[in-house]
Amino acid sequence: MVPLMRRELVERYKLIKDDEFLDIFALVQGAPGPIAVNVSLYTGLRIAGLKGAMVSVLGTVLPSFLTILAIVACGARYLELPAVVSAFRAIRPAVVALILSAGISVARRVIKDIRGLILALTAFLAVALGVHPALAVAGGALVGVILERRGSRGTA
Amino acid sequence: MELLELAATFFRIGLFSFGGGYAMIPLIEVETVLRHQWLERVQFVDIIAIAEMTPGPIAVNSATFVGYKVAGAAGSAAATLGVILPSIMIVLLLATLFEKKRHDAHVAGVLRGIRPVVVSLIFLAALSVFRKSVTDLPTATVGVLAFVVITKTRINPILILVGAGVLGALFF
């Protein structure tokens with residue numbers, strides 16, 4: 001869901017810069033709850049204040065809410081239709097492609113040197129091995145602060 | 001009373017689940033199947049299947065579903081509100097703290113450290129969906145096809161997903 005949001009907000013409507021969107025995505029890792037809701041809330045807030053936040057959340061939640069309501073009201077049977085099952089089987093790999101292309105475009109802009117690459121690879125391994133994503137983000141933040149301090153002392 | 005109980009339960013689920021998506025499933029199961037017996041285990045599996053097949057956050061999907069089973073449409077609304085309320089409060093708090101310090105040098109350093117980590121989280125998400133979805137030649141073909149279309153054209157991704165769905169319904 002987040003790559004779709006990025007496409008629409010950053011690339012199509014240019015409501016927010018890519019870096020800003022990325023930072024928001026990172027920051028909300030530190031908040032509980034559905035990530036799509038958190039990201040839409042914060043981007044809405046950044047773009048148009050409190051009203052923007054509320055409208056964005058409503059926009060994120062309503063389609064799910066109404067879809068499920070329609071399904072349970074109809075008895076949830078038509079999801080088992082072969083055509084529906086097949087459609088979803090094909091949609092999921094397309095979702096992979098969507099996430100992957102977002103990852104590549106973000107990586108190109110964000111990873112500028114060997115330090116960034118090492119940080120990304122370390123985080124990838126850590127989370128793949130079971131470290132909580134929020135903890136990995138916190139680790140990245142710590143490394144960032146340490147590098148910043150060193151830089152400002154003029155050792156870089 | 002049931003509505004309040006629904007809202008409170010899903011508030012807890014929203015509050016204590018970090019990481020979103022699949023990370024929330026165990027907590028939802030404990031609360032709705034074991035603790036409240038609102039659902040049987042089989043029904044819970046159905047919910048996960050439906051949540052996976054329909055758009056939107058799994059937490060919202062399951063809140064709407066469970067809420068309806070317990071107390072109809074009002075139950076859906078209570079549970080959904082409950083599950084997103086902690087997010088709203090905590091993200092607003094986080095945002096207020098962060099917006100003031102956005103241009104501070106330390107904060108800039110923090111963001112420079114966080115960005116590469118986020119890149120890896122995105123690739124991990126791709127990997128996790130890949131494992132669950134690309135299981136044979138047809139699904140691999142759709143994946144590659146979609147990737148080429150996404151990177152080489154400016155076609156709206158929502159259209160690409162719909163297109164993949166139509167392809168699947170016709171040929172899979």
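Residues are numbered from 1 along each chain as its sequence is written, and chains are lettered from A and ligands numbered from 1 in the order in which they are written. In this predicted model, local features need pLDDT of at least 70 and side-chain atom pairs count only at pLDDT 80 or more, while totals for chains, interfaces and linings use all residues; side-chain values use heavy atoms, with hydrogens and water left out.

The size of an interface is often given as the accessible area lost when the parts come together. Here chain B and chain A bury about 7400 Å² between them, and 79% of that is on carbon and sulfur atoms (buried area is the accessible area, with a 1.4 Å probe, that two parts lose on being put together, summed over both). Chain B puts 82 residues into the contact and chain A 84 residues, where contact means heavy atoms within 4.5 Å.

Side chains of opposite charge can pair when their charged atoms come close. The rule for a salt bridge is a side-chain nitrogen of Lys or Arg within 4 Å of a carboxyl oxygen of Asp or Glu. By this rule there are 14 salt bridges over all chains, and 4 salt bridges are found across the interface of chain B and chain A. E148(A) and R112(B) meet in a salt bridge at 2.5 Å, N to O. E99(B) and R46(A) form a salt bridge with their closest N and O atoms 2.8 Å apart. That pair crosses between chains, from helix α4 (residues 58–101) of chain B to helix α3 (residues 35–74) of chain A; helices are DSSP runs (H or I, at least four residues), numbered from the N terminus. R46(A) is buried at 17% relative accessibility, whereas E99(B) is partly exposed at 29% (buried is under 20% relative accessible area, exposed over 50%, partly exposed in between, with a 1.4 Å probe and protein chains only).

Within chain A, R6(A), R7(A), E11(A), D18(A), D19(A) and R109(A) are linked in a network of salt bridges. R7(A) is buried, with a relative accessible area of 15%. Leaving aside neighbours within four places in sequence, R7(A) is in contact with residues including I150(B), I155(B) and P157(B). R109(A) and D19(A) form another salt bridge, at 3.4 Å. R109(A) lies in helix α4 (residues 82–110) and D19(A) in helix α2 of chain A, so this pair ties together parts that are 90 residues apart in sequence.

Two loops call for a look at the backbone. Most residues other than glycine have a negative phi. K14(A), in the loop between α1 (2–12) and α2 (18–27) of chain A, has a positive phi near 50°. Q37(B) also has a positive phi, of about 50°, and lies in the loop between α2 (25–35) and α3 (41–53) of chain B.

The domain assignment of chain B gives domain 1 (2–132) and domain 2 (134–172), bounds that come from an automatic or database domain assignment. Their centres, taken over C-alpha atoms, are separated by 27 Å.
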